[in-house]
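Try each task yourself before you read its solution.

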Amino acid sequence: MPERPAWNDFTAGEKARVTVLTARMAKRGLAGPNVDISDLKRKVERIETEARRRKQNGKQP
C-alpha cells in the first residue's frame, strides 16, 4: 500500500473534509460494530490519493 500523505500535504478544504468524514465515521461507530462505514473510508482514501498525486507532481498548496 502506498504511503499515506502527511497532514500538511492536504489543502485546507481537504483537511476540513477529512475531519468531517472522520467525525461521521466515529458517529456511525457509536451505533455498533455492525454498521458499515466503508463508503466514508473510500471518500477519505480518494482525498488521500489526490493529495499524494499532487505531492508527486510537485504542486503543493
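This is a predicted model: local features need pLDDT of at least 70, side-chain atom pairs count only at pLDDT 80 or more; totals for chains, interfaces and linings use all residues.

Residues are numbered from 1 along each chain as its sequence is written, and side-chain values use heavy atoms, with hydrogens and water left out.

**Exercise 1.** Find how many salt bridges the model has.

Solution. Start with the idea: side chains of opposite charge can pair when their charged atoms come close. Next, take the rule: a salt bridge is a side-chain nitrogen of Lys or Arg within 4 Å of a carboxyl oxygen of Asp or Glu. Applying this rule gives five salt bridges.

**Exercise 2.** Describe the pair Arg4 and Glu48.

Solution. First, the distance: the closest N and O atoms are 3.7 Å apart, and the two residues form a salt bridge. Second, the location: Arg4 lies in the segment before helix 1 (12-31) and Glu48 in helix 2 (residues 38-56), so the pair ties together parts 44 residues apart in sequence. Here helices are DSSP runs (H or I, at least four residues), numbered from the N terminus. Buried means under 20% relative accessible area, exposed over 50%, and partly exposed in between (1.4 Å probe, protein chains only).

**Exercise 3.** Work out which parts of the chain Arg54 and Glu14 link.

Solution. Their side chains meet in a salt bridge, 2.6 Å from N to O. Arg54 is in helix 2 and Glu14 in helix 1, 40 residues apart, so distant parts of the chain are linked. Finally, both Arg54 and Glu14 are buried.

Note on methods: Helices (H or I, at least four residues) and strands (E, at least two) are DSSP runs, numbered from the N terminus.
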